[in-house]
Amino acid sequence: MIGYQAIFFDFDGVLVESAEIKCQAFRTLYEEHGEEVLERVLAYHLAHEGISRVAKILYCHKEFLRRTLNEAQLAELAERYSALVMEAVIACDAVPGALEFLENYSDKLPIFVVSGTPEPELRAIIARRGMADHFSAVHGSPRLKGPIVTDLLFNYDLDGPECLFVGDAMTDFLAARDTGLQFIGRVGKGDDNPFPQATTIIEDLTQLSI
């Protein structure tokens, strides 16, 4: 018997092993500014996984480079980032157990993707990976995760405490907490656990039981 009304997944680092791809893209964008700036950028990125790259680039330029980007400059940097990551994310490995989970359960209950990746790019990646048919809805930035979850709960007539969010970042944990969902954190082998002590965690999706 399935114990949830619906499952909400983050994408990067939860369904696909793309976390290092995103780190490398920030390295490429900021390495010309020196090691000290690069270290601060990467630390900020890792501490705020799940937040839009646009918001991160704006913040990093303002706080670490003391530069305010105009719309054209921001769009150019965001496009460079997208070019660095998109094909790599399409080609990277799935998280162990992810495809099997989706194949086993996508016809049994609603499964959603709620990500910080720009929505058009996210949908294109999912389509090119052949995963689109597994999801009832796919949503990304610029909207924040909490409001996306709230709308999905309303639109699908779901009760938050009867649903599960699986994520790998505090952004996911907080979206689940703020919308009343249960939460399981994915912490890969050897990775630091960012979640509060009592949080249920799994190493990969072979351990996800619903």
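**Backbone exceptions, then the sheet**

I start with aspartate 157, which counts as exposed at 69% relative accessibility. Exposed means over 50% relative accessible area, buried means under 20%, and partly exposed is in between, with a 1.4 Å probe and protein chains only. Before going on, note that this is a predicted model, in which local features need pLDDT of at least 70, side-chain atom pairs count only at pLDDT 80 or more, and totals for chains, interfaces and linings use all residues. Residues are numbered from 1 along each chain as its sequence is written, and side-chain values use heavy atoms, with hydrogens and water left out.

Aspartate 157 lies in the loop between α7 and β4. Helices here are DSSP runs of H or I with at least four residues, strands are runs of E with at least two, and both are numbered from the N terminus. The phi of aspartate 157 is near 55°, a positive value in a residue other than glycine. For background, most residues other than glycine have a negative phi, and most peptide bonds are trans.

Arginine 66 also has a positive phi, about 55°, although it is not a glycine. It sits in the loop between α3 (53–64) and α4 (71–91). Is arginine 66 buried or exposed? At 66% relative accessibility, arginine 66 is exposed. Arginine 66 and leucine 15 are 51 residues apart in sequence and 36 Å apart in space, C-alpha to C-alpha.

Then there is the peptide bond between serine 141 and proline 142, which is cis, with omega about 20°. Proline 142 belongs to the loop between β3 and α7.

Now the sheet. It is open, has six strands in the order β3-β2-β1-β4-β5-β6, and its pairing is parallel. The edge strands are β3 (137–141) and β6 (201–202), each pairing on one side only. Two strands pair if DSSP finds at least two bridges between them. In general, strands of a sheet pair through backbone hydrogen bonds, either parallel or antiparallel.

Going through some of the pairs, strand β2 (residues 111–118) is joined to β3 by four bridges, and the two run parallel. Within that pair, phenylalanine 112 has alanine 137 in β3 as its bridge partner. Four bridges also join strand β1 (residues 6–9) to β4, again parallel. Here phenylalanine 9 stands opposite valine 166 in β4.

How many of the residues of strand β4 are buried? Five of the five, residues 163–167, so the strand is largely enclosed by the rest of the structure. Both faces are covered: Cys163, Phe165 and Gly167 are buried on one side, and Leu164 and Val166 on the other.

On to strand β5 (residues 182–186), which runs parallel to β4 and is joined to it by four bridges. Glycine 167 has glycine 185 in β5 as its bridge partner. From β4 the chain crosses through helix α8 (residues 170–179) to β5, and this β-α-β crossover is right-handed. Right-handed means that, with the strands pointing away from the viewer, the path from the first strand over the helix to the second runs clockwise.

Next, the helices. Helix α7 (residues 145–155) packs with α8 at an angle of about 45°, with the axes 9 Å apart. That makes α7 oblique to α8. Angles under 35 degrees count as roughly parallel, over 145 as roughly antiparallel, 65 to 115 as roughly perpendicular, and the rest as oblique. The axes are lines fitted to C-alpha atoms, for helices over the stretch in contact, and angles run from 0 to 180 degrees between N-to-C directions.

The crossing of α7 and α8 is right-handed. For a crossing, that means the near helix is turned clockwise from the far one by less than a right angle, and left-handed means anticlockwise. Lys145, Gly146, Val149, Thr150 and Leu153 of α7 meet Thr171, Asp172, Ala175 and Thr179 of α8, where contact means heavy atoms within 4.5 Å. Helix α7 also lies across β1, β2, β3 and β4, and runs at about 155° to β2.

Asparagine 155 is in helix α7 and is exposed, with a relative accessible area of 55%.

Last, helix α1 (residues 19–30) and α3 pack at about 35°, with axes 13 Å apart. Lys22, Phe26, Leu29 and Tyr30 of α1 make the contact with Arg53, Lys56, Ile57, Cys60 and His61 of α3.
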